[in-house]
Amino acid sequence: VKLWPFINTILIGHGLGPIEKKVSFRTAFIIGAVIEFFLKLFRIYDIHPPMTRFVALQLAKGHYFDHRNAEEDLGWTPKVSIEEALKRI
């Protein structure tokens with residue numbers, strides 16, 4: 001699954017517009033670092049920041065997940081397809 005088309009599918013399914021703008025990884029990473037710095041400086045621990053360095057890394061880099069081993073070793077199969085899951089949410 002390619003991340004941004006997948007996210008746009010979810011957004012459109014909820015009546016929202018697709019993401020059309022983007023910032024570079026470097027910019028997002030710096031913004032995350034600045035937010036983390038100020039939260040730490042002012043000892044704010046009870047919020048979930050909109051951007052962190054970790055979030056920038058996760059949204060900027062490709063990831064690959066395969067459940068084949070779970071199927072082969074444990075006999076596991078998904079109960080719901082990705083398409084069906086998207087309809088349900």
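Q: How do the residues of the lining of the largest pocket divide into nonpolar, polar and charged?
A: This is a predicted model, in which local features need pLDDT of at least 70, side-chain atom pairs count only at pLDDT 80 or more, and totals for chains, interfaces and linings use all residues. Residues are numbered from 1 along each chain as its sequence is written, and side-chain values use heavy atoms, without hydrogens and water. Ala, Val, Leu, Ile, Met, Phe, Trp, Tyr, Cys and Pro count as nonpolar, Asp, Glu, Lys and Arg as charged, and the others, Gly among them, as polar. On that basis the lining has eight nonpolar, four polar and three charged residues.

Q: Which residues lie nearest the centre of the largest pocket?
A: A pocket is an open set of points on a 1 Å grid over the protein atoms alone, where a 1.4 Å probe fits, with protein on both sides within 12 Å along at least five of seven lines; lining residues have an atom within 4 Å of a point. Of the 15 residues lining the largest pocket, those nearest its centre are Val1, Lys2, Leu3, His63 and Phe65.

Q: Which element gives the most to the lining of the second largest pocket?
A: This pocket is lined by 16 residues, including Trp4 and Leu59. Two or more of the lining residues come from each of H1, helix H2 (25-41) and H3; helices are DSSP runs (H or I, at least four residues), numbered from the N terminus. With four residues, the most is given by H3.
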